Structures are given as structure tokens and as C-alpha cells.
Amino acid sequence: MSKVGRNDLCPCGSGKKYKKCCLGKEPSAVESILGLISTEQPVQEASIQPESKLTLTKLKKMVASELKWEHTAHEQLALELIENMRNHYERELILEALMLWNGYSRQTRPTVKKTGSFCAAIEYLLSEEYGFNVSKAELSGKYEVTTSTISRKVKEMFEYIEEYGMGGEPDELMILNSPGTSKDKAQALLHKAMESSSSKRRIQLAKTALEMYSDSSDAYRILAEESDNESDARAYLKAGIAAGEHELGELFFEKNKGNFWALHETRPYIRICKSYAESCWFGGDAKEAAQILEHILELNTEDNTGARYLLAAVYLYSNQLEQAEQLMEKYGKGDATAAFAYDKIILEYKRSGITSQLKRLYRVAQGVNKHVPDYLLGLKRLPHNLPDFVGMGNSDEAIEYVIIHSRLWANVPDLLKWMLKQ
């Protein structure tokens with residue numbers, strides 16, 4: 001069942017927005033959070049329980065014990081917010097104000113000089129959201145700040161709301177306060193990060209996951225993916241490899257070498273090693289790429305992640321032709337990928353130049369994937385990103401091959417000129 005947004009049409013059929021119709025008449029995400037505040041133990045058997053009444057005491061306890069704050073001034077402002085809203089708003093709406101302030105303050109880390117400016121902005125935004133029609137002039141008098149100051153803070157907070165939503169981060173709060181180990185909670189946060197399309201949100205969730213569990217390779221991989229430059233990305237990947245090695249332990253590596261992928265807990269480590277190797281390859285460090293790819297194959301001889309294909313390219317690029325041939329012989333039986341088919345052309349060319357065998361290998365490769373030459377020779381334009389899914393022999397496989405192997409082929413321009421004549 002899909003979740004109804006507060007600005008969607010109400011499912012009751014009234015024609016009104018959900019927030020102005022049935023929002024307060026059924027369990028909501030806010031009510032789910034209230035269960036985290038209660039000190040009562042959950043009832044094990046299935047039974048209907050009376051609703052827990054939200055009180056000012058529970059709200060203050062949540063501020064002091066349940067929510068994480070970047071600065072004590074942010075926590076103090078949350079307590080002031082409760083006092084300023086207590087006589088005019090329902091407790092559930094005060095909770096939403098607290099969630100907005102918590103998410104905003106953790107994300108932007110604002111310097112608090114006048115608490116009234118932030119309180120006024122939060123109250124105004126909630127008033128606009130729920131149709132209370134409280135003016136900035138009224139709030140200016142209540143909080144003793146100018147309307148222009150309120151407008152500025154509203155604009156800053158609205159930018160946050162556009163990114164994360166009015167409700168702040170209730171899902172994150174629920175995860176942080178749910179039962180389970182720190183590792184379990186960190187993994188739940190990472191699942192949220194992987195589902196998110198927002199770069200800022202992914203970064204925030206990954207960093208929070210690392211606060212919960214510092215040995216999370218997947219968190220470092222997300223931070224690397226969202227980095228603005230390759231140097232920072234590679235630093236995150238190296239840190240993620242170190243975290244994975246620390247998590248698994250030296251004895252684990254010795255005991256399970258060769259069969260890593262069969263053990264689910266090893267997969268984040270294998271994935272981040274593969275990402276690091278790709279970063280090294282694209283960054284021009286073929287030697288480092290080869291070392292980490294060889295390491296992957298030692299740990300996982302079945303090579304479920306396809307490390308062998310990039311390693312073959314690295315060997316060929318570095319003129320380690322014997323290693324490239326041995327690798328393709330080891331994994332090539334029954335292989336029907338474009339990678340090995342076209343890499344064999346480069347191997348033959350580097351060894352013997354233009355030969356009849358080279359022509360035969362080219363025909364075989366075209367039979368495996370006819371689209372590769374078009375992208376290699378610039379007859380078709382490559383997209384900027386790798387395809388999400390790849391099928392044997394299709395254009396997506398060709399795109400992936402050419403993007404990943406472009407450095408290798410740029411190293412043999414005369415071979416490309418020969419292919420253009422065929």
C-alpha cells in the first residue's frame with residue numbers, strides 16, 4: 001500500500017488535501033514516533049492498546065534523550081520552542097516543529113544568536129502548511145524579531161524542506177531508536193540512503209550510519225559515490241577497505257580465502273574493493289588497480305563481481321601479456337562476454353601485429369557483440385553514464401565495455417585505424 005502524502009488528495013474522496021482532511025484521524029508517522037518516547041515495554045501479544053497521550057513532559061524527554069543534536073544551543077532552542085508553542089498548538093504539531101528543527105539544525109549546523117528568529121520561522125512554516133494564517137507581523141511581535149529576519153529564516157528553512165520534507169527525518173529517528181545492534185541500525189540507514197535520489201540525503205544518512213557503526217564499508221562507498229572529485233572518492237574507498245578489514249578480522253580472511261562471496265557479510269568488502277580498483281584504473285594507477293583486483297580474485301575465486309574483466313584490461317594496458325592470457329584461459333571457458341572477445345584482439349595485436357589470426361578474432365568478437373566497434377570508433381556517441389542493466393550482445397553491454405576499456409583502446413591507436421578499414 002502506497003503512503004499518502006500530506007499534499008495529496010485525501011483517499012476519503014472529499015476532494016480536499018489529506019493534511020486538511022483526514023491527516024489527524026488515523027495513525028501517522030508522527031504517532032509512530034510517539035511509541036519511541038514511551039517508557040512502557042511493548043506488549044507481546046496482539047491486542048488493541050489505548051493511544052498514548054502526547055504530553056509536554058514526553059516532548060521534553062524526547063528533546064533531551066531521544067534526539068541527537070549537533071550543539072547544546074540547538075537543544076536549548078528546541079525546549080524554548082515547546083514553551084513558545086504550548087498554549088496555542090496541539091502537542092502533535094509541536095512534535096512536528098521539533099522534528100523540523102532537529103533535521104534542519106543537524107543538516108545546516110546554524111549559529112543561534114536570536115532563538116526567536118528560528119522559532120518564528122518554524123511557526124510560520126507550520127502555519128502555512130496547515131492553514132492557520134498566522135502572519136509574519138504577528139510572529140514579529142511575539143518573538144521580538146523583524147519581519148525581514150523571519151522572511152530570511154523562512155527562506156533558509158524552506159530550502160531544507162524542499163530537500164528533506166516538512167517532517168524532518170522521522171524515519172531516521174525511528175531507526176536510531178529501534179531495537180537492534182548498532183550495525184543493524186547503520187545498515188537500515190544505508191538502505192534508506194540507497195533508496196534516496198537526493199545526494200545530500202545520501203551523504204547525511206551515510207555519515208549517520210558511520211556514527212552508529214564505524215566499520216561500515218557500504219557507508220564509505222556511498223560517500224565516495226557522492227564525492228565531487230576523484231581524490232576524495234578514492235580516500236573514502238580506502239577508508240572503507242580498512243573498515244571492512246577491521247570488521248572481518250585477520251583470522252576470518254585466512255579461514256575463508258577463496259570462498260568470500262558465499263558469505264553474505266563479506267560482500268560489502270568485496271564491492272568496495274572493486275570500486276576502489278575501478279577508481280584507480282580510471283585515475284591512471286594501473287599497478288594499484290591490478291593489486292586490488294588480484295586480491296579480490298584470491299578471496300573470491302568464482303569472481304561473482306566480474307573483477308577478471310577489468311584485471312584483463314589492466315594486464316593488457318601494462319603489457320603483462322602472459323598474465324592476461326593466463327587469466328582469460330582460466331576464466332574464458334564458456335565465456336560469452338564482449339570483454340574477453342575484444343580483449344583477445346588486443347592481446348593478439350600486441351604480440352604479433354596485424355595477422356590473419358587477428359582478423360579471425362575480430363570476426364568472432366563481432367559475432368559476440370556487433371555494437372562495440374560503433375562505439376569504439378566513434379560512429380555512435382557514448383552516453384555519459386554506465387547503463388543500469390546489461391544484456392549479452394546488446395548495445396548496453398557494448399557501452400559498458402567501451403567506457404570501462406577506453407583507456408586500454410586509446411593505447412593502441414593503430415589497431416583502431418585498422419578496425420576502421422574493416
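Reply: Start with a group. In this predicted model, salt bridges link Arg 202, Asp 218, Arg 221, Glu 225, Glu 226 and Arg 271 into a network.

Me: How many salt bridges are there by this rule?

Reply: The count is 18. The rule asks for a Lys or Arg side-chain nitrogen within 4 Å of a carboxyl oxygen of Asp or Glu. Take Arg 106 and Glu 70: their side chains form such a bridge, with N to O at 3.9 Å.

Me: Which parts does the pair Arg 106 and Glu 70 tie together?

Reply: Arg 106 sits in helix H4, residues 91–108. Glu 70 sits in the loop between helix H2 (56–66) and helix H3 (72–85). So the pair joins parts that are 36 residues apart in sequence.

Me: Is Arg 106 buried or exposed?

Reply: Buried means under 20% relative accessible area. Arg 106 has 8% relative accessibility, so it counts as buried. Glu 70, at 33%, counts as partly exposed.

Me: What is the distance between the closest N and O atoms of Glu 70 and Arg 109?

Reply: They are 3.4 Å apart, and the two residues form a salt bridge. Arg 109 lies in the loop between H4 and helix H5 (115–130), while Glu 70 is in the loop between H2 and H3. This pair therefore ties together parts 39 residues apart in sequence.

Me: Are Asp 303 and Arg 308 buried or exposed?

Reply: Both are buried. The side chains of Asp 303 and Arg 308 also meet in a salt bridge, at 2.7 Å from N to O.

Note on methods: Residues numbered from 1 in each chain as written. Predicted model: local features only at pLDDT ≥ 70, side-chain atom pairs only at ≥ 80, totals over all residues. Heavy atoms only, no water. Helix = DSSP H or I, 4+ residues; strand = E, 2+ residues; numbered from the N terminus. Buried < 20%, exposed > 50% of the residue type's maximum accessible area, 1.4 Å probe, protein only.
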